[in-house]
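Please look over the sequence and the structure before reading the points below.

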Amino acid sequence: MKALVINKKDLKHNIDTIKELSKKSKEFDTNIEFKIIGVVKGNGYGLGLIEFSKFLIDNGINILAVSTVEEAIEIRNAGIKEKIIMLSSTCIEKEIELLIENDIILTIGSEMSAIKVNEISKKLNVTTKVNLKIDTGFGRYGFLYSDMEKTIEILKKLHNIDIVTTFSHFSMSFAKKDKWTKIQFDRFVNAVSILQENKIKTGFLHICNSSAFLKFDNMYLNAARIGSAFLGRIIVPNTFGLKRIGVMRTNISEIKILPKGYNIGYSNTLKTKRETKVAIIPVGYYDGFNVRNSHDNYRIRDKIRYLYNDVKDLFKNKELKVTINDKKYTVMGKIGMYHIVIDITDNDEIKINDEVYLDINPLYVDSSIRREYI
Ligand SMILES: *Cc1c(COP(=O)(O)O)cnc(C)c1O
């Protein structure tokens, strides 16, 4: 058996830390109370969509954001009444209808999506609250920042939508160099002022995700969309005391002795150097252990950087470890889909059913695995 264990005290600590940091926002606009939007996409960053949403709400985060229609509906079906923003824009009629019926704030990210949302709202005889997205250089959803005149013309004709918020998304806010993020921010602020000068309501404004929020307190505007910072799993240096959330707990299921020179695992990558006592742990890559983002479509220079780091790791002999009774043990051979083997030769105390802890990013832990809030 296994569970992803989430420490409530640590999670609360992270939420409180983010709230404390957000107080730096008051210089921007004292009329609007600063909002922290809890991003709960990806099964609540792996913490469980509903449990995580409820935990955030219980701790004062009263706007949630999701990326799919399914996520939005699941939250509503759980009886959660708080504001929900759907961050992706869609032109698909069925999806728009479902979102409107479930009282979700829809993102309009193109002429077509805006017209569709308006059209369906008109048909249903409602005014739909929407989130206007400006593309400041991401190339995904959003009206292009350089196209504001055309955007204004389109929006002026749509009377069944009510823009309650306007936002953009950074593509490189985690990077050491700030230049591109500053360019995106300036594009956003500029686009917003053109809209406002032309009497287009913009609602509250937000552009920061976790990295940007932690790095640029001059870019806070009226709100920030926070996901990974709640888990303390951030790319920027953690100088904020954020705690790392999520650890896999399981139990030792088998113990045995293997002779010297014996193979362990697929592909025969490892032979025992001595008679070895091993313990088998029922966790593998299916559970997210040692799973990383693949380096898809990276620039050549980044690929070289990753290659360099991999080679460096090779010499550092970065072994994978698990923790039993606060001591670390080395994983032997390749990781299986559901199993790993560890070396416990020098330990006489470890026995069947002892608890084992593995550091795994909850995002990679299959949603079928139990989440345990302790
Ligand atoms: C995922 C996402 C976020 C949250 O990003 P973090 O870096 O995890 O805080 C914010 N905004 C948008 C549009 C997102 O898709």
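The model is predicted.

**Overall chain**

- The C-alpha trace spans about 80 × 45 × 35 Å along its principal axes.
- Of the 374 residues in the chain, 49% are buried.
- The chain exposes about 19800 Å², and 51% of this area comes from carbon and sulfur atoms.
- Among contacts with a separation of 6 or more, 67% are between residues 24 or more positions apart.

**Ligand site**

- Which residues surround the ligand? The shell consists of Val39, Lys41, Tyr45, Leu87, His169, Asn209, Ser210, Arg225, Ile226, Gly227 and Ser228.
- By residue type, this shell divides into four nonpolar, five polar and two charged residues.
- Lys41 places an N or O atom of its side chain 2.7 Å from an oxygen atom of the ligand.
- Gly227 has a backbone N or O atom 2.9 Å from an oxygen atom of the ligand, and for a backbone N or O atom of Ser228 the distance to a ligand oxygen is 2.8 Å.
- On its own the ligand has 390 Å² of accessible area, and the protein covers 89% of that.
- Two elements give two or more residues to the shell around the ligand: α2 (41–45) and β10 (223–226).

**Helix α3 and Ser53**

- Helix α3 runs over residues 49–58 and is mostly covered, with seven of its 10 residues buried.
- The buried residues of α3 are Leu49, Ile50, Phe52, Ser53, Phe55, Leu56 and Ile57.
- An α-helix has 3.6 residues a turn, so residues three or four places apart point the same way.
- The side chain of Ser53 reaches back to the backbone oxygen of Leu49, at 2.6 Å.
- Beyond its neighbours within four places in sequence, Ser53 is in contact with Val40, Gly48, Leu64, Ile75 and Ile80.
- Just after α3, Gly60 has a positive phi of about 90°.

**Strand β17 and Tyr357**

- Tyr357 sits in strand β17, which covers residues 355–358.
- Tyr357 is classed as partly exposed because its relative accessible area is 31%, which lies between the cut-offs of 20% and 50%.
- The side chain of Tyr357 makes a polar contact with the side chain of Glu355, at 2.9 Å.
- Not counting residues up to four places away in sequence, Tyr357 touches Val247, Met248, Arg249, Val322 and Thr323.
- How far apart in space are Tyr357 and Lys215, C-alpha to C-alpha? The distance is 32 Å, and the two residues are 142 residues apart in sequence.

Technical notes: Residues numbered from 1 in each chain as written. Predicted model: local features only at pLDDT ≥ 70, side-chain atom pairs only at ≥ 80, totals over all residues. Heavy atoms only, no water. Near = heavy atom within 4 Å. Polar contact = N/O pair within 3.5 Å; in protein donor to acceptor, adjacent residues only side chain to side chain. Areas by Shrake-Rupley, 256 points an atom, 1.4 Å probe, with all protein chains shown as cover. Helix = DSSP H or I, 4+ residues; strand = E, 2+ residues; numbered from the N terminus. Nonpolar A, V, L, I, M, F, W, Y, C, P; charged D, E, K, R; others polar. Buried < 20%, exposed > 50% of the residue type's maximum accessible area, 1.4 Å probe, protein only. Contact = heavy atoms within 4.5 Å.
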